[in-house]
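Try each task before you read its solution.

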Amino acid sequence: PRQPAQTPYEYARALESQLPEIAQDVDGMTVEFSEARYSRHDIPPEHVGLVRRYWERIKQALRK
């Protein structure tokens with residue numbers, strides 16, 4: 001689990017070190033999360049499908 005003091009990018013690096021095969025998906029999810037969480041603009045609807053694809057691939061890797 002993410003530590004309370006870890007930034008999303010620090011957590012991503014920790015996860016990528018354990019599962020390098022999904023590093024691109026983790027990077028993409030981290031960028032999208034950070035934009036959704038910290039920006040003041042609306043997130044384009046097409047980003048939702050992209051995030052879902054990242055998440056599905058990450059979940060599959062975590063289940064292995």
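**Exercise 1.** Leaving aside neighbours within four places in sequence, find which residues Arg57 is in contact with, and then place Arg57 in the fold.

*Solution.* Step one: with those neighbours set aside, Arg57 touches Ile22 and Asp25 (contact means heavy atoms within 4.5 Å). Step two: Arg57 and Asp25 are 32 residues apart in sequence, while their C-alpha atoms are 7.2 Å apart in space. Step three: Arg57 belongs to helix H3, residues 46–63 (helices are DSSP runs of H or I, at least four residues, numbered from the N terminus).

A word on the source: this is a predicted model, in which local features need pLDDT of at least 70 and side-chain atom pairs count only at pLDDT 80 or more, while totals for chains, interfaces and linings use all residues. Residues are numbered from 1 along each chain as its sequence is written, and side-chain values use heavy atoms, leaving out hydrogens and water.

**Exercise 2.** Decide whether Arg57 counts as buried, partly exposed or exposed.

*Solution.* Start from the cut-offs: buried is under 20% relative accessible area, exposed is over 50%, and partly exposed is in between (1.4 Å probe, protein chains only). Arg57 counts as partly exposed because its relative accessibility is 36%.

**Exercise 3.** Find the helix that holds Glu32 and the nearest side chain of opposite charge to Glu32.

*Solution.* First, Glu32 sits in helix H2, residues 23–38. Next, the nearest side chain of opposite charge is Arg53, 9.3 Å away (Lys and Arg count as positive, Asp and Glu as negative; His and the chain ends are not counted). Finally, Glu32 is buried yet has no salt bridge (a side-chain nitrogen of Lys or Arg within 4 Å of a carboxyl oxygen of Asp or Glu).

Notes. Helix = DSSP H or I, 4+ residues; strand = E, 2+ residues; numbered from the N terminus.
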